[in-house]
Amino acid sequence: MKLNFEHHQTAHCENGVASNLLLNKGLKLSEPMIFGIGSGLFFVYLPFLKVNFAPGFSYRPMPGAIFSKAAKRLGIKIKREKFSNPKDAQKALERNLEQNIPTGLQVGVFNLTYFPEEYKFHFNAHNLVVYGKEDGKFLISDPVMDYTTSLSEAELEKVRYAKGALPPKGHMYYPVYVPENINIEEAIKKGIKDTCKNMLAPVPLIGVKAMRWVAKSIPKWAEKKGTKVTNHYLGQLIRMQEEIGTGGGGFRFIYGAFLQEAAIILKNDELKELSKEITSIGDLWRDFAVDIARVYKNRNSKSNIYNELSKTMLHIADLEEAFYKKLRKAI
């Protein structure tokens, strides 16, 4: 079984899977468009949740949220299924393939055999598409790779039932209805409004307020937990920002591309300017990541480096707050 499925490489797995699955149904939407309509730009700090022995940081919402929101706003229906029994999960996947349905899966990264060693770590919110089965192996379209690949039944089961934070539990999903006509203008506006609401939320766990909480915590970690633990926490922060298929700058560059497309569709020049602004903020996030990498590798000997990193992140938070207020007004 090999379905007629087009593989396209993207920066982020969930947007890429969504874009590729919708293209298979005849709806062509770019990765940035899926990301923007699905309100993918986010920031969350969960100090009580430990991932790889560090607090939970994320520059994106919960796994599945981007595609679910984008689908809802575009009038698309997605079916999602989870299975307690791995054998049932495999049967359901094979049933879909027999019915000519390419299927999205949530998996753990650590045991993906085709991933380079340096990218392997315990992260269970990766997404890929299974588009066939040949010689006992499932055919895999992983959008962060520039080529298609395959996994044996045992290998696929292992990543579908990875243990740890956010276990996939055999989660599979696929579009079951795509309308002939979509109101993309309205979907774009809803996506932008929701992003602004989240990033300007009055609670300390998400958005700009969460950024400030992390920034103020950096010198406190150094004081209370010591250099080694602090550097590990900071390493986790930039890993989530730069390496988890974000396109760099914690998804800010992808969001800039979305606003560029949105400016043309909505005939709104203000969005074009704001696209440049969020891209510049993405550059600052990337510089921040480079500074942290130097500290992590002991290549920065400044005595007050943790205070300086804290100030940098607070400055970025201020710029982002001003940006979302302008964006909210522009829409």
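Modeller: The expected span of a helix is 1.5 Å times one less than its number of residues. The model under discussion is a predicted one.

Colleague: How far apart are the end C-alpha atoms of helix α7?

Modeller: They are only 20 Å apart, although α7 runs over residues 207–243 and has 37 residues. A straight helix would reach 54 Å at 1.5 Å a residue.

Colleague: Where is the kink in α7 centred?

Modeller: The kink is centred on G226 and amounts to about 130 degrees.

Colleague: Let us turn to the whole chain. How many helices and strands are there in the chain?

Modeller: The chain contains 10 helices and 8 strands. Its C-alpha trace spans about 60 × 45 × 30 Å along the principal axes.

Colleague: What is the radius of gyration of the chain, and what would a compact globule have?

Modeller: The chain has a radius of gyration of 20 Å, and a compact globule with 331 residues would have one near 20 Å, so the two agree.

Colleague: What share of the residues is buried?

Modeller: Buried residues account for 54% of the 331 residues. As for contacts between residues at least 6 apart in sequence, 71% of them join residues at least 24 apart.

Colleague: Next, D142. Where is D142 found?

Modeller: D142 lies in the loop that connects β6 (137–141) with β7 (149–152).

Colleague: Is D142 buried or exposed?

Modeller: D142 is buried, because its relative accessibility is 0% and the cut-off for buried is under 20%.

Colleague: With which side chain does the side chain of D142 make a polar contact?

Modeller: The partner is the side chain of H126, at 2.7 Å. Leaving aside residues up to four places away in sequence, D142 touches H7, L112, Y114, F115, H126, N127 and L128.

Colleague: Which residues does UniProt list for the N-terminal domain?

Modeller: An unreviewed UniProt entry lists residues 12–143 as "domain: Butirosin biosynthesis protein H N-terminal". In the model, the end C-alpha atoms of that span lie 7 Å apart, and the span is 32% helix and 28% strand.

Colleague: One last residue. Where is the place of N304?

Modeller: N304 sits in the loop between α9 (269–296) and α10 (305–330).

Colleague: Why does N304 count as partly exposed?

Modeller: N304 counts as partly exposed because its relative accessible area is 35%, and that class lies between the limits of 20% and 50%.

Colleague: What separates the C-alpha atoms of N304 and G104?

Modeller: The separation is 46 Å, for two residues that are 200 residues apart along the chain.

Definitions and conventions: Residues are numbered from 1 along each chain as its sequence is written. This is a predicted model: local features need pLDDT of at least 70, side-chain atom pairs count only at pLDDT 80 or more; totals for chains, interfaces and linings use all residues. Side-chain values use heavy atoms; hydrogens and water are left out. UniProt positions are given in the numbering used here, feature names are shortened, and annotations may be inferred rather than shown by experiment. Helices (H or I, at least four residues) and strands (E, at least two) are DSSP runs, numbered from the N terminus. Buried means under 20% relative accessible area, exposed over 50%, partly exposed in between (1.4 Å probe, protein chains only). The bend at a residue is the angle between axes fitted to the seven residues ending there and the seven starting there. A polar contact is a pair of N or O atoms within 3.5 Å; within protein, one must be able to donate a hydrogen and the other to accept it, and residues adjacent in sequence count only if both atoms are side-chain atoms. Contact means heavy atoms within 4.5 Å. The radius of gyration is taken over C-alpha atoms; the globule rule is 2.2 Å times the number of residues to the power 0.38.
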